[in-house]
Amino acid sequence: MRLSSFAGTDVGRTRSGNEDSYFCGRTVFAVADGLGGHQGGEVASAAAVAPLAALDGRELTDPAEAAEALTAAIREANAAIIDQAAGDPGLWGMGTTVTAAALAGDRHLQLAHVGDSRAYLLRDGSLEQLTTDHTVVGELVRRGRLTPEQAAIHPERSILTRAVGLDPRVPVDTPDPVELRDGDQVLLCSDGLTEAVDDDRITELLSAGADGEAACRSLIDAANAAGGPDNITVVLLRAG
């Protein structure tokens, strides 16, 4: 299985700085969206991707091993962020989302996830969200108290129920692995994309046939055209 990877990030139209971080390696990929103010957000998101980047190139033979390695890296980042915040009052309260993926064996992609950054799979023209949003509104959708359409415009849609760096025992989701097929596209992104661009438009842009770098740019441009309310980061994987 040949896997090509592409990435891009942009400050957006309303933020003064970029609190997102990403890693786009050979076998490991990640997006993190920092919170806790400009300095704290940048520090937390960078700290989240560092242990994940250290896994790049490591041979992970199956999804279970990949899930364990990704979870351990996120827990390492969680402890580091908590320790750093405890030693610097200016960083108190910082945290970050993280959505990461690692190749496992020849054809499987394993995810690990905390927060409301997302992973999507585009296969045969159909877009599927692979991760669960750890937000108050996301929980209301899962309980059937809000529709996805109501959630998309809810004023509290960005309030997180889980983030890296805030809870020493933060749970890490490891969704079912994806067995990649030729033509699959996997998108990791911060909510600066999904707050501004709906799933139908994401599907349209990824299906347009552009090369990977141009596809990343088109997603970022679409978010900015819709107001660019937040930092925008995308990592795109293409199989085949």
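**Cysteines, then packing**

Modeller: Start with cysteine 189: its sulfur sits 11 Å from the closest cysteine sulfur, the one in cysteine 216, and that is too far for a bond, since a disulfide needs the two sulfur atoms within 2.5 Å. Bear in mind that this is a predicted model. Cysteine 189 is also buried, with a relative accessible area of 0%. Across the structure, the disulfide count is zero. Cysteine 24 is likewise in no disulfide, and its nearest cysteine sulfur, again that of cysteine 216, is 7.8 Å away. Cysteine 24 counts as partly exposed because its relative accessibility is 27%, and buried would require under 20%.

On to the packing, beginning with the nonpolar cores. The largest one has 28 residues, and Leu52, Leu70, Ile74 and Val114 touch the most other members. At least two residues each come from β3 (28-35), α1 (38-53), α2 (63-86), β5 (98-104) and β6 (108-114). Helix α2 gives this core its largest share, seven residues. Take isoleucine 74 as a way in: leaving out residues up to four places away in sequence, it touches Leu52, Val98, Ala112, His113, Val114, Val164 and Val172. Apart from that core lies another, with 20 residues, including Phe6, Leu127, Ala223 and Leu236. As a rule, nonpolar side chains in soluble globular proteins tend to be buried together.

There's a helix pair to look at as well. Helix α6 (residues 199-206) packs with helix α7 (residues 212-225) at an angle of about 150°, and their axes are 9 Å apart. The crossing of α6 and α7 is right-handed. On the α6 side, Ile202, Leu205 and Leu206 do the touching, and they meet Ser218, Leu219 and Ala222 in α7. Sorted by class, that contact has five nonpolar residues, one polar and no charged ones.

Last stop is glutamate 179, which lies in strand β9 (residues 178-179). Glutamate 179 counts as partly exposed because its relative accessibility is 48%, and exposed would take over 50%. Its contacts, not counting residues up to four places away in sequence, are Arg107, His108, Arg123 and Asp184. If you want a distance to check on screen, the C-alpha atoms of glutamate 179 and alanine 53 are separated by 22 Å, with the two residues 126 apart along the chain.

Key: Residues are numbered from 1 along each chain as its sequence is written. This is a predicted model: local features need pLDDT of at least 70, side-chain atom pairs count only at pLDDT 80 or more; totals for chains, interfaces and linings use all residues. Side-chain values use heavy atoms; hydrogens and water are left out. Axes are lines fitted to C-alpha atoms, for helices over the stretch in contact, and angles run from 0 to 180 degrees between N-to-C directions. Helices (H or I, at least four residues) and strands (E, at least two) are DSSP runs, numbered from the N terminus. A crossing is left-handed if the near helix is turned anticlockwise from the far one by less than a right angle, and right-handed if clockwise. Contact means heavy atoms within 4.5 Å. Ala, Val, Leu, Ile, Met, Phe, Trp, Tyr, Cys and Pro count as nonpolar, Asp, Glu, Lys and Arg as charged, and the others, Gly among them, as polar. Buried means under 20% relative accessible area, exposed over 50%, partly exposed in between (1.4 Å probe, protein chains only). A nonpolar core is a set of buried Ala, Val, Leu, Ile, Met, Phe, Trp, Tyr and Cys residues joined through side-chain atoms within 4.5 Å.
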